[in-house]
Amino acid sequence: MADKAVKQRYAVIGAGWAGCAAAMELARAGHAVSVFEAARTLGGRARRVERESTVLDNGQHILLGAYTETLRLIKLAGQDPDELILTLPLQMRYPAGSGGMDFIAPRLPAPLHLVWALLRAQGLLRADKLALMRFSTAMRTMGWQLYNDCSVSELLQRFDQTERLNRLMWHPLCLAALNTPPERASARVFLNVLRDSLGASRRRASDMLIPKADLSALLPDAASRYVVQHGGTVRTGAKITALQALPDGRWGLDDGVDDGESFDGVIVATSSVQATSLLQGLHDARLADAIERMQAFTPEAISTCYLQYDVSVRLDLPFYALVDVPEQQHWGQFVFDRGQLDSNQAGLLAVVISASGYAAEQGHGALAQAIAAQLAQVLQRPALAQPLWTQLITEKRATFACTPDLARPGNASGVPGLLLAGDYTANDDRTQDYPATIEAAVRSGVAAAKAITTGKVAK
């Protein structure tokens, strides 16, 4: 714990996963923390929502065993990951007869688990398996690093990956991890994810983790309790509209309540759009670079379609990969059986569409109907074409387009005592950059908290 003589007062704006991580780290260090969240529900772009009298998430997520900081904070908040998360070995399994493949890694030491999975994989030709082995070997030799960035499609072409392997493995993984189509996605960032999962020395790093609890309950709600237990405050429905740099070097916040509060430092853990607005309001030339980088982001959408069936409906597996063929109105990329995660959601399926901008243009009703028809066909269960109800949730600004050599701001805003935190920020070592994921948000929040208390911030 920090020495009480140097206890500081910090404000965290935004209680998404980055803000929650920053607040927890500051509270753990013994500082006084005040968290301000505009919404009534904690979690930002990974949060609980209620639809059709059912508790859902604003998007179905898969975490990885490599998400070490996320798992650490879940435990620090007093949560038991084994109770809240379903842990599965690395897999890419398509419904039988759908033209996909069946790839599942056994619980063997790394990298033997991947070798065994590849040897036993069904639906891949010998040429596909050899191509995957060549790629994996080459990336390990390169340390999973690219010094000259390019698109994921260019990288795969350079290493002669087969069309079938691209369609059934690399492209779905790229969309799921970066939420950016392979032809526009950063190969460097993609390799960072593969390095920490497929290429990790720990087999568990490649595990796929599916939350059984809603996303707000998984960490944000527990983080709020942790902060309050450590003497901090968490205010929901509190939208910060402006920052004030005070003459004494401290900071004031404008939330419509004139309470005279001031803080030794502020961490802005909102979306990049909201952060840009707050920084622009300071009219400080030192913020120009961070603002310019955030304004250059291009948003990417993610859609999740929930389909409720009779409670007797159950898939053979907790989730399947799906072959998306837009020209056939097959938009879904993964389908999850929510009933296998939570018994209260029996018969509820969740279908994910990453980089869903074009799909969402079809309209909610038409897209949900197309997804139900896709499930009925590929799962060979005609009754799935007629769900009891559907709910389509599209986060239009779910992530930024993670393109090659994208200039992302670091935690440093350019002004002392004012830090940025969010899944859009860059690490000081670009070989550590992650795409816009929960783990990226958590890592950024932790880094911002450490930086604001030490004054050591990555440029």
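Visitor: With which residue does R9 form a salt bridge?

Guide: First, a word on the source: this is a predicted model, in which local features need pLDDT of at least 70 and side-chain atom pairs count only at pLDDT 80 or more, while totals for chains, interfaces and linings use all residues. Residues are numbered from 1 along each chain as its sequence is written, and side-chain values use heavy atoms, with hydrogens and water left out. In general, side chains of opposite charge can pair when their charged atoms come close. A salt bridge here is a side-chain nitrogen of Lys or Arg within 4 Å of a carboxyl oxygen of Asp or Glu. R9 forms one with E261, and the closest N and O atoms are 3.1 Å apart. This pair links distant parts of the chain, 252 residues apart: R9 lies in strand β1 (residues 9–13), E261 in the loop between β12 (251–254) and β13 (265–268). By this rule the count is 22 salt bridges.

Visitor: In what order do the 5 strands of the open sheet lie?

Guide: Strands of a sheet pair through backbone hydrogen bonds, either parallel or antiparallel. Strands (E, at least two residues) and helices (H or I, at least four) are DSSP runs numbered from the N terminus, and two strands pair if DSSP finds at least two bridges between them. The order is β10-β2-β1-β13-β19, with parallel pairing. At the edges are β10 (233–236) and β19 (418–420), each pairing on one side only. From one strand to the next, the twist averages 15°. Strand β2 (residues 32–37) is joined to β10 by 4 bridges, and F36 stands opposite R235 in β10.

Visitor: In which sense do β11 and β12 pair, parallel or antiparallel?

Guide: Strand β11 (residues 242–245) pairs with β12 in the antiparallel sense over 4 bridges. L243 has L253 in β12 as its bridge partner. The hairpin has 5 residues between the strands, and G249 takes a positive phi near 90° there.

Visitor: At what angle do helices α11 and α12 pack?

Guide: Axes are lines fitted to C-alpha atoms, for helices over the stretch in contact, and angles run from 0 to 180 degrees between N-to-C directions. Helix α11 (residues 272–280) and helix α12 (residues 288–295) pack at about 150°, their axes 10 Å apart. Angles under 35 degrees count as roughly parallel, over 145 as roughly antiparallel, 65 to 115 as roughly perpendicular and the rest as oblique. The two helices are therefore roughly antiparallel to each other.
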